[in-house]
Amino acid sequence: MSKSSKFDRRMSRRTMLKGAAGAVGLAAGSGAITGFPYVHSADPKVLRYLGTAVNEGDEISKKCLEDTGIKIEYITATTDDVTKRVITQPNSFDVLDTEYFSLRKLVPSGNIFALDARKIKEFDNITPVFTKGQLPNGKKIGDQGTAPWKVLYLEGANSKTFSKTPTEFVTLIPTVYNADTLGIRPDLIKRPISSWTELLNPEFKGKASILNIPSIGIMDAAMVVEASGQHTYADKGNMTKAEIDLTMKIMTEAKKAGQFRAFWKDFNESVNLMASGETVIQSMWSPAVTKVRSMGIACTFQPLKEGYRSWASGFCVSKAVSGPKLDWAYEFVNWYLSGWAGAYLNRQGYYSAVLSTAKANMTADEWGYWMEGKAAVSDIKAPDGTVLEKAGTKRDGGSYEDRMGAVACWNAVMDENDYMVRKWNEFIAA
Amino acid sequence: MMQGRKTFVAWLQAAPMMVVFSVFFLLPLLLVTIVSAWDYNEYEMIPAFSLRGYSDTFEGCIADLPNLCTILKTYLKTLKLCLLTWCLTLLIGFTVAYFLAFHVRSKTWQIVLTLLCTIPFWTSNVIRMIAWIPLLGRNGLVNRGLEGVGLIRQPLEWLLFSEFSVVLALVHLFTFFMVVPIFNSMIRIDKRLIEAAYDAGATGWQTLVNVVIPLAKPGIVIGSIFVITIVMGDFVTIGVMGGQQIASAGKIIETRLNALQFPAAAANAVILLGITILIISALTRIVDVRKEL
């Protein structure tokens, strides 16, 4: 999932303003300006945090400041802009929140610092989904695409090559991940949906949508093509030119036949399309489905028999960071994995990287609903206190093991990425 | 000596504009042109001469003949949208300006009404654009209204996410850029010329065609330049109102940038700029704006 403007834009601006006000306050309190001799002076611990809005919450930065004294300054951008910034302005941020698939572009640029796994307290407790590509119960997970464990380790501190075996040099400490599928409007479709092929079913002509982020959209397209039995890919996340041509041909034919109502690029667009009834079936992200539902409109994050397309993100550190800032960065990452933030993410329908610490910060009922696929005993609330689901409901797709265990592929950057982007442009122009 | 000083002063007077022009226009343009001839890979630009940005852009154009390749199709589509928008904004803009200049007698009212036209500009472009969506959607106000009146049974799908909605939004957003320059030209037309035409027995239509339009030409050309340059480069309006299903020249550049293919994006920008300059220079051929001003 590529996450742009997940939250209201005002929110991030407010966060920024607060950050600025906080910095002024700290400067005033440091004694340098007022000259009060008994005010203890210390450098404010500030980290510039570049990322999409998905993990950037007021609550998280507040709690982090409270627990560690580290002030987080959010720099919010879309996934594409985050990547651009890392490559062109590596000095403009300290901590980077990005997705694993971006690493195939970021790491070769030499702007990412190799983190030392030994300094990450919970590293060994990170879910084996990331380190071994399997569930805690040992079940193997689909590894098509840029699966996190393929790009998790580097060969050396300054290496630009990914290591196939675990090393102490880590590119990206995982924080959050999820399994994506199609969102549907059960009230308008009125029948069960169980396969990705339904996206191209003429029954939904003019009422379907797919996301217009080429590297993710083509993965959804591949799920559809494979589900319809027209082709089986060796790796959906790394297609050959012929496979790209075939996939785009099938999609283009559907487009010309008027299958799609619109394409969407950000969270709000997808919510609006679905909520207004312009589309009844489309690629969607879990929190967007929740958003539609919270508007009082029926919407299901539909589990499909072919499985899910998954994504995962986490923290990188800029190569320009050194000295005490680097220590704060480790401190911040350690804090993030220590449980509070993990529980916060779990309550939004994502999954946290360290399950044990998140569990310790959630009630048994919350854990049961979000992670074990159990019916909620009491109302399920979002982190901000609003009721998400009434007591008695179960999560779409069931438990963590049901959902993550059914992952078929991961968001990816292909070897033929350049060709794919051109073909995608043709698809849009068709 | 005097001559030398005069030239020096003239250069000095022109200097601030020259500096601004070269730093903010010529230099970036030069850089874009240079970068467009570089090579690139997934994550960096390689400063080695390569025309890959251009050749990739026109990939398959010859092989696809007689069918049009993507880039040509995209440009034709962009030109089509641009032409439609231009015609409509010109028609509406001219009418509004004519009304303001010739039918509204008092200066105060002219100013008040012109300012009234600017009110939509107090909100952002994107918001004015998005405001159309709930109106035109499948379950939008227009469809509901038409269904309520009994004119249609099925909602009209082409109202939204279509070329219709794109042109509608573009016209809505940019007509004002036509109104102001045309109004500005018209207000300078000596009213006695109109009276003279009337006295000489010209009909209203003849006066319009033979007096008003020729004298309002500079305004028309300036307005057209505004509208054409904006629409040719637009990707936001076409994206949002077209449901991201309609490609435009600007959109190709955006996709390239997002894929970190800066040289390819620059190549497309150079091509777009070239085409726009061709259109503009054709327009200025018709009217010598400097002379008319």
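This note sets out points on the predicted model of a structure with chains A and B.

1. Basis. This is a predicted model, in which local features need pLDDT of at least 70 and side-chain atom pairs count only at pLDDT 80 or more, while totals for chains, interfaces and linings use all residues. Residues are numbered from 1 along each chain as its sequence is written, chains are lettered from A and ligands numbered from 1 in the order in which they are written, and side-chain values use heavy atoms, with hydrogens and water left out.

2. The interface. Contact (heavy atoms within 4.5 Å) involves 35 residues of chain A and 30 residues of chain B. The buried area, meaning the accessible area (1.4 Å probe) that two parts lose on being put together, summed over both, is about 2900 Å² between chain A and chain B, and carbon and sulfur atoms give 48% of that area. Lys84(A), Arg261(A) and Arg422(A) supply 21% of the area that chain A buries against chain B, more than any other three residues.

3. Salt bridges across the interface. A salt bridge is a side-chain nitrogen of Lys or Arg within 4 Å of a carboxyl oxygen of Asp or Glu. One of the pairs is Asp418(A) with Arg52(B), with the closest N and O atoms 3.0 Å apart. This pair crosses from helix 16 of chain A to helix 2 (residues 52-57) of chain B. Helices (H or I, at least four residues) and strands (E, at least two) are DSSP runs, numbered from the N terminus. Arg422(A) also forms a salt bridge with Asp56(B), at 3.7 Å between the closest N and O atoms.

4. Within chain A, Asp418(A) meets Arg422(A) in a salt bridge of 3.1 Å, N to O. Both residues lie in helix 16 (residues 417-429), 4 residues apart, about one turn of the helix. An α-helix has 3.6 residues a turn, so residues three or four places apart point the same way. A network of salt bridges links Asp418(A), Arg422(A), Asp39(B), Arg52(B), Asp56(B) and Arg256(B). Buried means under 20% relative accessible area, exposed over 50%, and partly exposed in between (1.4 Å probe, protein chains only). Asp418(A) is buried at 11%, whereas Arg52(B) is partly exposed at 26%.

5. A salt bridge within chain A. Arg48(A) and Asp94(A) form a salt bridge of 3.0 Å, N to O. Arg48(A) is in strand 1 (residues 45-51) and Asp94(A) in the loop between helix 3 (79-88) and strand 3 (95-99), so the pair ties together parts 46 residues apart in sequence. Arg48(A) is partly exposed at 25% relative accessibility, and Asp94(A) is buried at 2%.

6. Enclosed elements of chain A. In helix 3 of chain A, 7 of the 10 residues are buried, so the helix is largely enclosed by the rest of the structure. Among the buried residues are Lys84(A) and Val86(A). The buried residues of this helix pack against elements of chain A, including strand 1, together with helix 12 (249-258) and helix 13 (262-286) of chain B. In strand 10 (residues 260-264) of chain A, 5 of the 5 residues are buried.
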